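Dear colleague,

Please find the structure below, handed over for your reading.

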Amino acid sequence: MKREIPLILTAVVGLTFVVQFFVPHYPLGFMADMFSDWFSIIAACAIWLGALNLLKISLNKIYKKDKDRFYAVVTIISFLLIVIAGFFFSGGRRFQEPGTSFDWLYINVYSPLSATMFAMLAFYVASASYRAFRARNAQATILLLAAFVVMIGRTPFSDWLSGVFFLPEGWQISNLSNIIMNFFNVAGQRAIMIGISLGLISTALRVILGIERTYLGGD
Amino acid sequence: MQRIFEKLLAIDRRIIFLVIFLALSIPIFLGIKINIKVTDEVQIFYDAISSLPSGSRIMVACDYDPGSEPELQPMAESGFRYFIQNNLRFVIIGLWPQGPMQANKALVSINEAKDEFIVENGDTLYFGTDLIVVGPDTARYGIDFVNLGFQAGNELVIQRMGSSIKAAFASDLRLGKPIEEFDIMRGLNQLSDFDFIFNLSAGYPGTVEWVQFAVDRFHVACGAGNTAVQAPQVYPYLDSGQLSGLMGGMKGAAELEKVVGHKAKATMFMVSQTAAHIFVILFIVIGNIAYFATRGKSGRKG
C-alpha cells in the first residue's frame, strides 16, 4: 500500500486536471479547484521548508567549522534580521507595507544586492563573448552575424549606422533585426515548444498511468 | 604584429570589465538624447490598453524580482502612470514573492505629491500608498487600485482565479482586509471579469503560464513586458495573436515610455545599453581578428 496509494492519488489528480480542462463542470471542476487549493497550501509549506532547510545547512556548516562558515554566518544573520523585522517591527501594520522596517530592508538592502548580482552578468557576458564567441565554422558565423544584427538592431544606434551605409528602407538594421526575431526566432521557438510539449505529454501520461515511478524514490 | 594579437587574446579580463563599466556609466552623465522607434510589438500593446474604456479593470501580474528591475520597473511605472491618467483601475498580484513589493515601489516612485498625508472625511490618506498623484490625476487605494500580494502555487493560482479570485487571494497585501470589501473588487469574481491582463515577467511562472491559462482557457486579453532574455521565447504567442503586445527588455520599456508620452528611466538607460552593445560587438570583432591572425600564423609554423 506504501506505493499503491501515492500511485492512485497521482492518477486521480492527474486525470482530474486533464479531463476538467475539457469538461469544467461539477464534480470535476470542484475537484480541480480543491486540488489547486491543496497545491497552494503545499507550495506555501514548501517555502517554509526551504527556509528552514537553508537555516539547518548553514548551522551545520558553522558547527562543523566548514571553510565557508563565514558565508553561513552572514546567511543566518540576514535570515534572522529580515524575519524579525517582518514579524516584530512593522508597527502594527502589514509587514510588506511601504514604510515598515521590512520594506526598508527590502528597498535599501535586498533590492540593491539582488540587482547588483544580476548586473554583474553584463561584465561576464562581455568577457565571455570576447574569449569564446568565435566564427570557427559556418554555423558559428551565422550565429555571430545574427547576434550582431539583433544586438545593433535593438539599439537606436542601428538607425544611425543604417544611414551611414545608405541602407534602403526595409533593409535597415532594425528591420533585419525584426525579421530575425519575428521569423527565424519564432520558427525555432515553435519547434522547441512543440518538442517540449510532446515530451511533457508523454512524461505526464507515464506518471499518471503509473509507468514512471521514479518520483516515489524507487526504480 | 603577431605579438600584439597574442597579447590581445590574453588581455586581462579586468580591462574588459573596466571598459564595460565606463561604457555603461559615462553616457548616463552626458545627457545624450536618442530617438526611440516604436516597434509593432509595443504599438499592439499600446493599442490594446488605449482601446479600453474608462473605468476598465486591469490585472497587473508582477512576476519579477529586483534582479530584473532595470528592465521591468520602468514598464511598471509607465503602465501605472498611464492607467491612472486614463482612469483605468488596476489590481496588482504576484506569482513571485517580490513582485507585489516591486509594484509598491513603482507606485511610490510615480507619486508626485510632496505632502506626506491628507485627512479626507475622517480618513488619513498617505501619499504614495493610499493616494497616488500623477499630474492632475489621482488613484485611491481600494477604489482605483489594490494590491492583493503574492500567492504560492505558480500556474495553479491562475487556474484557481479562473473560477474564483477570492479563493486564490482572500485578503489584500496592505490592510489584510477581505478583498470583497474593496470597491474595485465589486463584480470581480473570476479571472474572465477582468478587461485586460498586464503581465511583467522575468521567467517562470510568467508570461508563458498567463497565456496558456488566462488567455487560452479563460479568454482574457493579455499584454506582457519581458526581460530581453525571456522575450524571444514568447514571440510565437505574439505572432499567433494570443498575446496582445510585447515589450522586450529595456528597449521595450523605452518604447513604452515614448508611446505613453513620458520619457523616463528606460529612455535614459538606453544610451548606456547602446554603448555597452557597441563595445561588446567591438570586443567580439577584435577577439575574432586576433584569433584568426594568430591561428593562421601558428598553423604555418606548425
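Is A:Phe166 buried or exposed? A:Phe166 is exposed, because 6 other C-beta atoms lie within 10 Å; a residue is called buried if 20 or more other C-beta atoms lie within 10 Å of its own, exposed if 12 or fewer, and partly exposed in between, with C-beta atoms placed from the backbone.

This is a predicted model, in which local features need pLDDT of at least 70 and side-chain atom pairs count only at pLDDT 80 or more, while totals for chains, interfaces and linings use all residues. Residues are numbered from 1 along each chain as its sequence is written, and chains are lettered from A and ligands numbered from 1 in the order in which they are written.

Positive phi values

Most residues other than glycine have a negative phi, and most peptide bonds are trans. A:Phe166, which is not a glycine, has a positive phi near 50°. A:Phe166 sits in the loop between helix H6 (157–164) and helix H7 (173–208) of chain A; helices (H or I, at least four residues) and strands (E, at least two) are DSSP runs, numbered from the N terminus.

In chain B, the loop between strand E3 (117–120) and strand E4 (123–126) holds B:Asn121. The phi of B:Asn121 is positive, at about 50°, although B:Asn121 is not a glycine. B:Asn121 counts as exposed, with 5 C-beta neighbours inside 10 Å.

Cis peptide bonds

A:Tyr26 and A:Pro27 are joined by a cis peptide bond with omega about 0°. A:Pro27 belongs to the loop between helix H1 (4–22) and helix H2 (28–63) of chain A. The peptide bond from B:Tyr204 to B:Pro205 is also cis, with omega near -10°, and B:Pro205 lies in the loop between strand E8 (196–201) and helix H8 (207–215) of chain B.

With kind regards
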